[in-house]
Amino acid sequence: MRRLRALFIRIAALFRKGRQDREVAAELETHLQLHIEDNLRAGLNRDEARRQALIKLGGVEQTKERYRDQRGLPLLVVNVANLHLSRSGSRAREFAIRSALGAGRRRLICQLLTESLILAALGGVLGLAVAYGGVRTILVLSPDALPRIEEITVDGRVLAFTALIAMVTGILFGLVPALRSAGSPVGDSLKEGSRVATLGRSARRLHGALVVAEFALALVVLTGAGLLIRTLSQLQSVNPGFNSSHLVTALLTLPKGRYASAPQFTSFYEQLLERVKNTPGVEAASITMSLPPNLLELTNPFHIEGKPDVPGQPATAVGEIPVGTDYFATLGIPLFRGRLFSDQDRSSATHVLVINENMARRYFPDQDPVGRRVQTGEYDPKGDWYTIVGVVGNVKYEGLGEKDQPTMYVPYFDSGWCPWFVREMYIVVRSASAQEKVVSGLQSAAWSLDNQLALAHVRTMDQLLYESVAGSRFRAVLFGVFAGLALVLAMIGIYGVMAYSVGERTHEIGIRIALGAHRTNILQTILREGGSLALLGVGIGFVVALALSRTLSGLLFGVQANDPLTFAAVAAFLLSVALAACYLPARRATRVDPMVALRYE
């Protein structure tokens, strides 16, 4: 909770400058409070209500944070530093010759700085193009329900900061090699008879440390992506509690002016369902106020007959859903005990309800709930009591990642529900026909009763299930992109270091081969060096990732933040990639001709 609160405060702080920015922060706070109030009405405690609200509002802000944090920036800086240092090491003899021919220290420094700044500028332009393309890709991949999606853009402050970092990186890692090269005694460099001496032990340690840092950072990002991908996989494998295939849903709203009494509501829905059921290809149809997997419209306190409430404590609130008599058959929700609703329940003197398995297990342990009576809403000794007639399976109404919640189902035609809560109802139709044909038949049936009614939120149930994990899919894609970038940079880094190392040691390798060293031994030596750097980086990254993965715990489902399978798989994959990147330079080392190497300058 503290981390999420700090995240929101940091987000608001990003917009603290200027009147318009303060308005943005105020609007964010207003939206947050509205979501908190909705969650409190749904029965959540205040901490959980605020946590859920922050997660809902987190989509755009997390995206902004990712661009502000520049997760790929440390890897890029390390890579640029490594390549600059390696390149300057290989050019030490060149600079010594230039100095011997009269080039001054200032001239050499200016040359290296110019080269570095040109490369930084070209890289910045290319990065800007990639940034704009990436934002457009994010907008295409983002879920429709993502709040404030129109505000996702390349922020000017982020762009300026990135440009500044690019220039500073170019100057800093161009200046250090320049000063080192310009300050080296000319005689020492010219006396070194081969390139093997141009890269000292300290420089090699520095290159190795940079490669280790790259792999550590790569493992952190890859682990985060792996955890989110596993979360998405777990969510997609969750059983929603019903059969989603061949189901079409639509929202129908009855206007107040023409529908004001309970008989009007009941008559309209009865006639509509009768006409829809008689449509060719329709297997079943019903109506409901709440719709799985993400829409629970109402929670209500309840009281069990013969079990008084605890004094001083509010009554427990559970989900309460008005449905049609064929709702369970239409969705394929299994019946475990008792019976379902029937036309005999339409009597005004009869009040019945069906509960789900979770409610039966939680509030009626070790007993049969069928036949027990409950009262919903505020307790009234003279109020109506509802008789439990059946127990059905659990259905997800608050998200696939949430636990099953106690739920009560009541007939929509019950006098206590009309007309107050059933003005807006979802129609659910099961049909093997194409969606367009089903929707056309549904709209025709509604127009035959009232030609001013229109269907809204038309979706198949499979679409609703797909959209319910859109946020998790979006986060997994974003982290996957960052992880792919980190992986490519780490590969480039270790390949570059090992390629330079092989180039610097060509003379040494030639001598080894001339003295009888087997080429397989040379291959193993190079692979061992690269593998050792990667292994050290993975070890450090493992510790860092283990500490930072807890920050993702609020976004995970079905997987622990320290999941050993994900950590082991990412580590093994990263080491495999490192060995593959080292193989080409190692293979090239085994093909060195001793005679050529001995003459190598």
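## Exercises on a predicted model

In this predicted model, the side chain of Thr 590 has a polar atom 2.6 Å from the backbone oxygen of Arg 587.

**Exercise 1.** Find out where Thr 590 sits and whether Thr 590 is buried or exposed.

*Solution.* Start with the helix: Thr 590 belongs to H19, which covers residues 564–590. Next, look at the accessible area. Thr 590 has a relative value of 7%, and buried means under 20%, so Thr 590 is buried. Finally, look beyond the neighbours within four places in sequence: there, Thr 590 touches Arg 519, Ile 522 and Leu 523.

**Exercise 2.** Describe how helices H16 and H18 cross.

*Solution.* Two packed helices are described by the angle and the distance between their axes. Here, the axes of H16 (residues 470–504) and H18 (residues 519–548) come within 11 Å, crossing at roughly 145°. The crossing of H16 and H18 is right-handed. H16 brings Ile 494, Met 498, Ser 501 and Val 502 to the contact, while H18 brings Ile 526, Glu 529, Gly 530 and Ala 534. Sorted by class, the contact of H16 with H18 has five nonpolar, two polar and one charged residues.

**Exercise 3.** Classify the aromatic pair of Phe 302 and Tyr 363.

*Solution.* The structure holds 12 aromatic pairs. For Phe 302 and Tyr 363, the centres are 5.0 Å apart and the planes make an angle of 80°. Planes over 60 degrees apart count as edge-to-face, so the pair of Phe 302 and Tyr 363 is edge-to-face. Now place the partners: Phe 302 is in strand S3 and Tyr 363 in helix H13, 61 residues apart. Phe 302 is buried at 5% relative accessibility, and Tyr 363 is buried at 14%.

How values were computed:
Residues numbered from 1 in each chain as written. Predicted model: local features only at pLDDT ≥ 70, side-chain atom pairs only at ≥ 80, totals over all residues. Heavy atoms only, no water. Helix = DSSP H or I, 4+ residues; strand = E, 2+ residues; numbered from the N terminus. Buried < 20%, exposed > 50% of the residue type's maximum accessible area, 1.4 Å probe, protein only. Polar contact = N/O pair within 3.5 Å; in protein donor to acceptor, adjacent residues only side chain to side chain. Contact = heavy atoms within 4.5 Å. Axes fitted to C-alpha atoms, helices over the stretch in contact; angles between N-to-C directions. Left-handed = near helix turned anticlockwise from the far one by under 90°. Nonpolar A, V, L, I, M, F, W, Y, C, P; charged D, E, K, R; others polar. Phe/Tyr/Trp six-rings, centres within 6.5 Å; stacked < 30°, edge-to-face > 60°.
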